[in-house]
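Me: Please take me through the reading of a fold, one feature at a time.

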Amino acid sequence: MYTGKVEKPCCLCDDPEIHRRIDLPPRLIQRLQHSEAVAWRDVVGEVSIHFCASDWETVRQLVLETGMSPLPRCNVARASFDLRADFEAFTGRTREEPDQQPIEERFWRESRRVLAGDTEYPPSDRDLVQAHVVTQALRELDAPVARTTGSEPEADHD
């Protein structure tokens, strides 16, 4: 039976004790390990990946101090997302292929806002990690949203 998105174990080590989560637009599934079997265009909504406490500290340092992405080491089997086929099987209704553009625009806009420091409160490390991962991966994948607004300067968060 279809139950929707669920919290998964750490995408790096499979530890069930989760400390942090970051959310991603579906296109970024392509950057995850073993992603070739997942039709990212059929994902409905956002994708979540989870980290245990020790891996979160490593990911935080990797992203914020070295500018590298953890996505290639994250196993897609441990990502949480809804597929259109699962929804269709549960409801018995056929859905159109999801339009990924609005979710990408929302993630891009929010990430750029966080990186520019345009937030009511100082962003948390989780917010900064997510923003860096999203903008870097969308650029690497040459996503349409990154092509149209990718030349704007980012704030420096050392």
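Reply: In helix H3, the residues Glu-104, Phe-107, Trp-108, Ser-111, Arg-112, Val-114 and Leu-115 meet Asp-127, Leu-128, Gln-130, Ala-131, His-132, Val-134, Thr-135, Leu-138 and Arg-139 of H4; contact means heavy atoms within 4.5 Å. The residues of this contact divide into eight nonpolar, four polar and four charged. Here Ala, Val, Leu, Ile, Met, Phe, Trp, Tyr, Cys and Pro count as nonpolar, Asp, Glu, Lys and Arg as charged, and the others, Gly among them, as polar. This is a predicted model: local features need pLDDT of at least 70, side-chain atom pairs count only at pLDDT 80 or more, and totals for chains, interfaces and linings use all residues. Residues are numbered from 1 along each chain as its sequence is written, and side-chain values use heavy atoms, with hydrogens and water left out.

Me: At what angle do H3 and H4 pack?

Reply: Two packed helices are described by the angle between their axes and the distance between the axes. For H3 and H4 the angle is about 125 degrees and the axes are 9 Å apart. That makes H3 oblique to H4 (under 35 degrees is roughly parallel, over 145 roughly antiparallel, 65 to 115 roughly perpendicular, the rest oblique). Axes are lines fitted to C-alpha atoms, for helices over the stretch in contact, with angles from 0 to 180 degrees between N-to-C directions. Helices (H or I, at least four residues) and strands (E, at least two) are DSSP runs, numbered from the N terminus.

Me: What is the order of the strands in the open sheet?

Reply: Two strands pair if DSSP finds at least two bridges between them. The open sheet has three strands in the order S1-S2-S3, with antiparallel pairing. S1 and strand S3 (80-83) stand at the edges with a single partner strand each, so one side of each has no neighbour in the sheet. Three bridges join S2 to S3, and Ser-48 stands opposite Ser-80 in S3. Helix H3 (residues 101-115) lies across S1 and S2, at about 40 degrees to S2.
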